[in-house]
Amino acid sequence: MKLEDRGPVKILEYKSKCPYCGLDSLTVSEYIYNTPFMGSVLITTSICLECGFKHRDVSSLDADNPSKIKVRVLGERELRYMVVKSSSASVKILETGLEYIPGPYSQGYITTIEGLLYEFQEATTIACRDAEDRDKCTSIIEWINKAIDGLVEFTLILCDPSGKSKIYGDNVIEELFDQECMF
Ligand SMILES: [Zn+2]
């Protein structure tokens, strides 16, 4: 039987205080997305009609405890793993020291491990424009490009103190949030 993907269904809409301008003009909408591959995902979008502030977040309803999720990426198969990355998740690639640390306005979204690599590629390219050590920058970008093509193996760690993130695949190890997540 083919599982039907009906897309997100709106379950709730309410007004709230905007974290940016402080007015009660934030419209928050919540959607449940039941997917064949990722179980149930809660998608939250917030839009302020006064100042234009926008925020998006996701939360896997199959995950709960503060989590550390580790994936040994061997090639293309793991690059296609689906990732529910909530706004409180941080991501690290052990072999390179590349880190993504969330800020107060970080967004949550659904992506793949390959998609996370593209984010590192974009951020590193921007950071490298004014970097002193251009050779090091170039070699990191080259490494990311090889990883996107599935040519290098690496270990990716996603830490989420809210426990709302999840990675879907057979090569995924879920552990308790610990000091490996303090980066
Ligand atoms: Zn606002």
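A pocket, as used here, is an open set of points on a 1 Å grid over the protein atoms alone, with protein on both sides within 12 Å along at least five of seven lines. A 1.4 Å probe fits at each point, and a set from which the probe cannot get out is a cavity instead. Grid points are joined across faces, edges and corners, and a volume is the space filled by probe spheres set on the points. The model is predicted, so local features need pLDDT of at least 70 and side-chain atom pairs count only at pLDDT 80 or more, while totals for chains, interfaces and linings use all residues. Residues are numbered from 1 along each chain as its sequence is written, and side-chain values use heavy atoms, with hydrogens and water left out.

The largest pocket has a volume of about 210 Å³. Its lining (residues with an atom within 4 Å of a point) consists of 14 residues, and those nearest the centre are Tyr100, Leu116, Glu119, Phe120 and Ala123. Helices (H or I, at least four residues) and strands (E, at least two) are DSSP runs numbered from the N terminus. On that basis, β8 (98-100) and α2 (113-128) each contribute at least two residues to the lining of the largest pocket, and α2 contributes the most, with eight. By class, the lining of the largest pocket has nine nonpolar residues, one polar and four charged. Here Ala, Val, Leu, Ile, Met, Phe, Trp, Tyr, Cys and Pro count as nonpolar, Asp, Glu, Lys and Arg as charged, and the others, Gly among them, as polar.

Next comes strand β5, residues 67-73. Six of the seven residues of β5 are buried, meaning under 20% relative accessible area, with exposed over 50% and partly exposed in between (1.4 Å probe, protein chains only). Strands count as paired if DSSP finds at least two bridges between them. β5 pairs with β10 (residues 154-160) in the antiparallel sense over seven bridges, and valine 73 has phenylalanine 154 of β10 as its bridge partner. β5 also pairs with β12 (residues 172-176), again antiparallel, over five bridges; there lysine 70 stands opposite isoleucine 173.

Valine 152, in the loop between α3 (134-148) and β10, counts as buried because its relative accessibility is 18%. The C-alpha atom of valine 152 is 7.2 Å from that of leucine 74, 78 residues away along the chain. Serine 165 belongs to the loop between β10 and β11 and is buried, at 1% relative accessibility. Glycine 169 lies in the loop between β11 (166-168) and β12 and is partly exposed, at 36%. From glycine 169 to methionine 38 the C-alpha distance is 9.7 Å, at 131 residues apart in sequence.

The remaining site is a zinc ion. Its protein donors (N, O and S atoms within 2.8 Å of the metal, or 3.2 Å for Na, K and Ca; water is not among the atoms, so sites may look incomplete) are the SG atoms of Cys18, Cys21, Cys48 and Cys51, lying 2.3 Å from the ion. The donor residues follow the spacing C-x2-C-x26-C-x2-C. The arrangement is tetrahedral because the four donor atoms subtend angles of 106 to 113 degrees, and the criterion for four donors is that all angles lie between 85 and 135 degrees. Cysteine 48 is buried, at 2% relative accessibility, whereas cysteine 51 is partly exposed, at 34%.

Key
Tetrahedral: all angles 85-135°; square planar, octahedral: opposite > 155°, others 65-115°.
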